[in-house]
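Please keep the structure in view while reading.

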Amino acid sequence: MALEEQLVDKLLEKNYKISFAESCTGGLCCGTLVNVTNASKVLDMSFVTYSNESKMKLIGVKADTILANGVVSEEVAYEMAEGAAATAGSEIGVGITGVAGPGGGTDKKPVGMVCFGFSVNGKTTTFTKQFGEIGRNQVRKSSVEFVFQTLIEMI
C-alpha cells in the first residue's frame, strides 16, 4: 500500500483532518493525498504559500520569525504547521519550507535542505532534512515521502 493510502487510512481511523502549508513542495503533498479514495473525508483545505507575504497573510507566520531565522528554518516551518491547522480547523497541520534548487542555496542552507513542522492536536514538532543536490523535483518528491512516513509514525 502506498504511503498516501496508509496515511488516509490512519487519518480516517482517528477521525482526523489534515491541512498542509507548502512552500518548496508547491502543493505536491496535497496533490498526492488527493490521489487516494476518501481523501475528501480527511482534507478540507490546504495552502501553497510560496512567498513570504502569503505565509504571513494566509497562515499567520510572523514577519519577525522570518527576519530572525530566514524563511527556510524550523521556526518558520513550526509557524506554518500551526497556522495551517488553526486556519483550516484541522487536527493536523504540516509546514514545509526549503531550498529545492538548483539555485538559492547558501553555506548554511544548502540546496536540498528542507524544514518541516508537524502540528498534531496542538503539539508541534520540527525536523530538518538534508536531501542534497538530487534535483529540484526529487527534493520535492523526497519531502512528500518524508512527510507521509513521519505522519504515519506520529499518528
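The model is a predicted one. Glu22 has a relative accessibility of 1%, under the 20% limit, so this residue counts as buried. Glu22 belongs to strand β1.

**Around Glu22**

Leaving out residues up to four places away in sequence, Glu22 touches Gly27, Leu28, Cys29, Cys30, Phe47, Val48, Thr49, Tyr50, Met80 and Ile96. With Gly27 there is a polar approach: a polar atom of the Glu22 side chain lies 3.3 Å from the backbone nitrogen of Gly27. A further distance concerns Cys115, which is 93 residues from Glu22 in sequence, while the C-alpha atoms of Glu22 and Cys115 are 11 Å apart in space.

**Helix α1**

Helix α1 runs over residues 3-14, 12 residues in total. From its first C-alpha to its last it reaches 17 Å, close to the 16 Å expected at 1.5 Å a residue. Which residues of α1 are buried? Glu4, Leu7, Val8 and Leu11 are. They lie on the same side of α1, because the arc they cover around the axis is only 100 degrees. The elements that cover these buried residues include β1 (18-22), α2 (28-33), β3 (92-98) and α6 (136-154). After α1 comes Asn15, which has a positive phi, near 60 degrees.

Apart from neighbours within four places in sequence, Leu11 is in contact with Tyr16, Ile18, Val42, Ile92 and Ile155. Leu11 and Leu43 are 32 residues apart along the chain, and their C-alpha atoms are separated by 9.6 Å. For Leu7, the contacts are Ile18, Leu33, Phe148, Leu151, Ile152 and Ile155, again not counting residues up to four places away in sequence.

**Aromatic rings**

A pair of aromatic rings is described by the distance of the centres and the angle of the planes. The whole structure holds 7 aromatic pairs.

| Pair | Centre to centre | Angle between planes | Arrangement |
|---|---|---|---|
| Phe116 and Phe131 | 6.5 Å | 90 degrees | edge-to-face |
| Phe116 and Phe146 | 4.6 Å | 50 degrees | tilted |

Why does the pair of Phe116 and Phe131 tie together parts that are 15 residues apart in sequence? Phe116 lies in strand β4 (residues 113-120), whereas Phe131 lies in the loop between β5 (123-130) and α6, so the pair joins these two parts.

Ring pairs join Phe116, Phe118, Phe127, Phe131 and Phe146 into a cluster.

Ser143 is placed in helix α6. Its relative accessibility is 0%, so Ser143 counts as buried. Leaving aside neighbours within four places in sequence, Ser143 is in contact with Thr25, Val114, Phe116 and Phe131. Two of these contacts, Phe116 and Phe131, are residues of the ring cluster. The side chain of Ser143 also reaches the backbone oxygen of Val139, at 2.8 Å.

How values were computed:
Residues numbered from 1 in each chain as written. Predicted model: local features only at pLDDT ≥ 70, side-chain atom pairs only at ≥ 80, totals over all residues. Heavy atoms only, no water. Helix = DSSP H or I, 4+ residues; strand = E, 2+ residues; numbered from the N terminus. Expected span 1.5 Å × (residues − 1). Buried < 20%, exposed > 50% of the residue type's maximum accessible area, 1.4 Å probe, protein only. Arc of directions from axis to C-beta. Contact = heavy atoms within 4.5 Å. Polar contact = N/O pair within 3.5 Å; in protein donor to acceptor, adjacent residues only side chain to side chain. Phe/Tyr/Trp six-rings, centres within 6.5 Å; stacked < 30°, edge-to-face > 60°.
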